[in-house]
Each structure stands twice: as structure tokens, then as C-alpha cells.
Amino acid sequence: REMSYVEQWLGLLAFPHEPFDPFADRRKVRLKSIENLRGKRVRIRRVDLLHLRVHDLAAARGFYQ
């Protein structure tokens with residue numbers, strides 16, 4: 001989002017620049033790997049980390065402990 005703001009700002013100033021997307025290569029690799037997995041079964045062996053958004057931290061902590 002910040003890059004889009006910077007690009008808009010540079011456009012308003014008519015400042016010559018090249019668009020830059022630091023995550024373009026990662027996105028291409030991720031999309032390619034997802035396309036390779038379509039139609040195949042994936043087996044999950046373990047979960048190392050899980051993020052959950054909770055509204056009541058005290059209740060969630062009591063439940064998970």
C-alpha cells in the first residue's frame with residue numbers, strides 16, 4: 001500500500017521513475033507452486049506456528065492453557 005502512495009505522489013510531481021515491486025519475484029514463485037499443486041493431494045505433517053486473532057485475550061488464554 002505504501003508503494004502505491006509513493007508512486008501516486010511521484011506521478012503528481014511528474015518525477016521520472018520506474019515502478020518497483022519488491023515482492024514480485026516471491027509472488028511469481030508462490031503462484032507457480034500453487035499451480036503445480038492443483039489437482040494433487042497435499043498431506044500436512046505438522047504445524048509449526050499458528051496465528052489466531054482473538055477478541056477476548058483472557059478467555060482465549062484460559063482456554064488454550
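Asp48 counts as exposed, at 62% relative accessibility. That makes a handy way into this model, which is a predicted one. Asp48 has a partner: Arg46 forms a salt bridge with Asp48, and their closest N and O atoms sit 2.8 Å apart. Arg46 is exposed too, with a relative accessible area of 64%. If you go looking for others, a search of the whole structure turns up one salt bridge. As background, side chains of opposite charge can pair when their charged atoms come close.

Now for the overall fold. The protein chain has three helices and zero strands, and reading along the sequence gives α-α-α. With a radius of gyration of 21 Å, well over the 11 Å that the globule rule gives for 65 residues, the protein chain is more spread out than a compact globule. Along the principal axes, the C-alpha atoms fill a box of roughly 55 × 40 × 15 Å.

How much of the protein chain is buried? Buried residues come to 3% of the 65 residues. The protein chain exposes about 7,400 Å², and 56% of that is supplied by carbon and sulfur atoms.

Helix α2 covers residues 24-37, which is 14 residues, and spans 20 Å from first C-alpha to last, close to the 20 Å expected at 1.5 Å a residue. Just after α2 comes Gly39, with a positive phi of about 85°. Helix α3 takes in residues 57-64, and Tyr64 lies in it.

The structure holds one aromatic pair. The ring centres of Phe63 and Tyr64 are 4.9 Å apart and the planes meet at 85°, so this pair is edge-to-face. Phe63 and Tyr64 are both exposed.

Which helix gives the most to the nonpolar patch? Helix α3 does, with three residues.

| Residue | Relative accessible area |
|---|---|
| Arg46 | 64% |
| Asp48 | 62% |
| Tyr64 | 56% |

Key. Residues numbered from 1 in each chain as written. Predicted model: local features only at pLDDT ≥ 70, side-chain atom pairs only at ≥ 80, totals over all residues. Heavy atoms only, no water. Salt bridge = Lys/Arg side-chain N within 4 Å of Asp/Glu carboxyl O. Buried < 20%, exposed > 50% of the residue type's maximum accessible area, 1.4 Å probe, protein only. Phe/Tyr/Trp six-rings, centres within 6.5 Å; stacked < 30°, edge-to-face > 60°. Helix = DSSP H or I, 4+ residues; strand = E, 2+ residues; numbered from the N terminus. Expected span 1.5 Å × (residues − 1). Rg over C-alpha atoms; globule rule 2.2 N^0.38 Å. Areas by Shrake-Rupley, 256 points an atom, 1.4 Å probe, with all protein chains shown as cover.
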